[in-house]
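The structure is shown first, and the description follows.

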Amino acid sequence: MKLVVQVKLLPTPEQASALEATLRACNRAASYASQVAFAKDLKDRNSLRKEVYADLKARFGLSAQPTVRAVKKVVDAYATLKASLRAGNLGPPTSRRFRAAVGTPIRFRLEAAQPFDDRCLSWQYDARTVSIWTVAGRMRCIRFVCSPDQLKTLNAHRKGESDLVRRDGKWFLIATCDLPDPEVYEPADWIGVDRGIVNLATTSDGTNYQGRRLGRYRRWQARKRAELQQKRTRSARRRLARRRRKEQRHATQVNHRISKEIVSVAQRTGRGIAVEALGGIRERVRLRRDQRGTLSSWPFHQLGQHLAYKARRAGVPFLEVDAAYTSQRCPRCGHTERANGSDRDHFCCRRCGLAGPADVVAGVNVRDRARSAWVLVTAPAPSP
């Protein structure tokens, strides 16, 4: 499995200046190559490299390998755009967003991430330093910091490219590590997980991870942003920049904690984890204006991603099941009716009288569907 490890660089002022100049030169070169690729319809790597290789080296002061990386970044960007167009992620062909994506070449921000391979970047794990190519020459002994677990993972499993990123004035290296997949065990049973806004996650065991504290934190952050935006001063803009990703980091940490606890319980009890497939939820519901911010900030997708990769890393079986009517179906008699849910928090079956917390009932339904789905997944293929 692929795992991304992010380490923070601690460059000196001279090293930081060289890294900034390198990042800007590489992205200017990528934008120039993108214009050529768009004008001459060169979307494969070999053709584009033959066309722009000499110009990129002469105009932007890049050496051979960074030039190759810049060309590959352009080709990958156009491949991603083509996939998005095929999937319909940019709207219908008549939309302004679609026409802008098709009718103009891709441009790269001056501080966009730049990939470096092992010819341009080397790691010294014991000294916790890196050596990286820059337009000012090879910069050696750039210190980095990370946790002991991250350092162990880097040393044992790092492979491929690493991305140089500048974010809010800080420098990071994002490395890809290729970890071996552990063998997935046969689950004794399943833990059904129901995700929501009021309760971020509720398991079929009755464990409830409430979202009230996260909701209060989001509302407090929104008020603070509104107050700072009204001031319109330099100090307010600086404080807004510092707050820019604070809320996102907090929500990510909450999702990490919840997913880690659920996966550890599943691993300890020999069970699998099942969640609802909630893709395309924005297209399925219509919201009032005051509800849009709540749904857009609902971190259910990230929680599902954390559960999936942590379960895979621990060898825990993981399934996504159909989410239809999990909050309306009675797990005892199977009766499905909207009136079974008298309100958001309570469930009461109109046929057999089963009652309980609505989120726990939904988690039990998810668990039951996982039991049936796993039988189909693991069934032997029929003989011809």
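## The positive patch

Which element gives the largest share of the positive patch? Helix H7 does, with five residues. The patch of positive charge on the surface gathers Lys231, Arg234, Arg237, Arg238, Arg239 and Arg242. A patch consists of residues with over 30% relative accessible area and no salt bridge, in which like charges are joined within 9 Å (nonpolar side chains, namely Val, Leu, Ile, Met, Phe, Trp and Tyr, within 5 Å). Arg242 has its place in helix H7 and counts as exposed, at 59% relative accessibility.

## Basis of the model

The model is predicted, so local features need pLDDT of at least 70 and side-chain atom pairs count only at pLDDT 80 or more, while totals for chains, interfaces and linings use all residues. Residues are numbered from 1 along each chain as its sequence is written, and side-chain values use heavy atoms, with hydrogens and water left out.

## Overall architecture

The protein chain contains twelve helices and 14 strands. These are DSSP runs numbered from the N terminus (helices: H or I, at least four residues; strands: E, at least two). The C-alpha trace spans about 80 × 60 × 45 Å along its principal axes.

Of the 384 residues in the protein chain, 41% are buried. Buried means under 20% relative accessible area, exposed means over 50%, and partly exposed lies in between (1.4 Å probe, protein chains only).

## Charge

The protein chain carries 75 positive and 35 negative side chains, and the centres of the two sets lie 8 Å apart. Lys and Arg count as positive and Asp and Glu as negative, whereas His and the chain ends are not counted. The place of a charge is taken as NZ of Lys, CZ of Arg, CG of Asp or CD of Glu.

## Salt bridges

The structure holds 22 salt bridges, each a side-chain nitrogen of Lys or Arg within 4 Å of a carboxyl oxygen of Asp or Glu. One of them joins Arg166 and Glu20, with the closest N and O atoms 3.3 Å apart. This pair links distant parts of the chain, since Arg166 belongs to strand E6 (residues 158-167) and Glu20 to helix H1 (residues 13-40), 146 residues apart. Both partners are partly exposed: Arg166 has a relative accessible area of 24%, and Glu20 one of 26%. A network of salt bridges links Glu20, Arg24, Glu111 and Arg166.

Arg244 and Asp168 also meet through their side chains in a salt bridge (3.7 Å, N to O). Arg244 lies in the loop between helix H7 (234-242) and helix H8 (246-269), and Asp168 in the loop between E6 and strand E7 (170-178), so the pair ties together parts that are 76 residues apart in sequence. Arg244 is exposed, at 58%, while Asp168 is partly exposed, at 42%. In a further salt bridge, Lys43 and Asp41 have their closest N and O atoms 3.6 Å apart.

## Surroundings of Glu186

Glu186 is found in the loop between E7 and strand E8 (190-195). At 57% relative accessibility, Glu186 counts as exposed. Leaving aside residues up to four places away in sequence, Glu186 touches Gly270 and Trp374. Glu186 and Val316 are 8.7 Å apart in space, C-alpha to C-alpha, and 130 residues apart in sequence.

Note on methods
Accessible areas come from the Shrake-Rupley method with a 1.4 Å probe; for residues, only the protein chains shown count as cover. Contact means heavy atoms within 4.5 Å.
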